[in-house]
Amino acid sequence: MTIERGNDVLIEWDNEAIDAVGGIFDVLIGDIDNDKIDELIIAELQGISMGFGGEYWTLYILDNFGNGDVLPPTQLKVNVYGHNGTFIKRGKEGKCEILSAEWKELNHPKRGWGMYLVGKWLRYNNGQLKLIADRPIIIRRFLFSFEKERGTTLKITPLPLKWFQNKKIEFVDQKFINQYSEKD
């Protein structure tokens, strides 16, 4: 991928997909680490699974893009992306939280095996993504009601945030995910 400003190449890097699937990508500019310097975010759709239609996105975050010092991007792979439901400004200070979402097979101790949407809250700072320690991991089982909601909201709402604003979500920790994940 190449980022240019005018006739100058600011940065180039290799990415896994030469071209986004069907040319689907999103570009955002904003201060997500609250340092008063904008980051450049490129969300690139890299694939869609057959049947279930799960998407595979890579988010590239270029730190301090607004001041011209462009470093190689930080990457985050997610399965559900929406610019206004992945990057969420919170509080008076306007700190940005990033909701990373992936589909995962879990063998839940009470509900049994199933597909779950797993959400983790991250914060971006100095070119790094870190879990927000005081925010639990969110899971939601993919049942028929979720399938119907997904079908009607897939392209029109702030995803993945909208899908986690449901009374059927559960709060868990990483130990739960590790213990009950489908083993490879």
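Predicted model: local features only at pLDDT ≥ 70, side-chain atom pairs only at ≥ 80, totals over all residues.
**The chain as a whole**

Let's start with the overall picture. The chain holds four helices and 12 strands. Of its 184 residues, 46% are buried. If you look at the contacts with a separation of 6 or more, 50% of them come from residues 24 or more positions apart.

**Aromatic rings**

Searching the whole structure turns up nine aromatic pairs. One of them joins phenylalanine 52 and tryptophan 103: the ring centres are 5.0 Å apart and the planes stand at 90°, so this pair is edge-to-face. Phenylalanine 52 belongs to the loop between strand E4 (39-48) and strand E5 (55-62), while tryptophan 103 belongs to strand E8 (residues 95-108), so the pair ties together parts that are 51 residues apart in sequence.

Tryptophan 103 also pairs with tryptophan 163. Here the centres lie 6.4 Å apart and the planes meet at 45°, so the pair counts as tilted. Because tryptophan 103 sits in strand E8 and tryptophan 163 in helix H3 (residues 161-164), this pair ties together parts that are 60 residues apart in sequence.

| Residue | Relative accessible area | Class |
|---|---|---|
| Phenylalanine 52 | 28% | partly exposed |
| Tryptophan 103 | 12% | buried |
| Tryptophan 163 | 1% | buried |

Arginine 150 lies over the face of phenylalanine 52, at 4.3 Å from the ring centre. Elsewhere, arginine 135 is placed over the face of tryptophan 121, with 4.1 Å to the ring centre.

**A four-stranded sheet**

Now for the strands. Four of them make an open sheet in the order E3-E4-E5-E6, and their pairing is antiparallel. Strand E3 (25-30) and strand E6 (74-78) are at the edges with a single partner strand each, so one side of each has no neighbour in the sheet. From one strand to the next, the twist averages 20°.

The pairing of E5 with E6 can be followed in detail. These two strands are joined in the antiparallel sense over five bridges. Tryptophan 57, for instance, has valine 78 in E6 as its bridge partner.

**Threonine 58**

Which strand holds threonine 58? This residue is part of strand E5. Its relative accessibility is 1%, so threonine 58 counts as buried.

With what does the side chain of threonine 58 make a polar contact? The partner is the side chain of lysine 77, at 3.2 Å. Setting aside neighbours within four places in sequence, threonine 58 is in contact with Ile42, Ala43, Glu44, Gln46, Gln75, Leu76 and Lys77.

How values were computed
Residues numbered from 1 in each chain as written. Heavy atoms only, no water. Phe/Tyr/Trp six-rings, centres within 6.5 Å; stacked < 30°, edge-to-face > 60°. Buried < 20%, exposed > 50% of the residue type's maximum accessible area, 1.4 Å probe, protein only. Lys NZ or Arg CZ within 6 Å of the ring centre and 35° of its normal. Pairing = 2+ DSSP bridges. Axes fitted to C-alpha atoms, helices over the stretch in contact; angles between N-to-C directions. Polar contact = N/O pair within 3.5 Å; in protein donor to acceptor, adjacent residues only side chain to side chain. Contact = heavy atoms within 4.5 Å.
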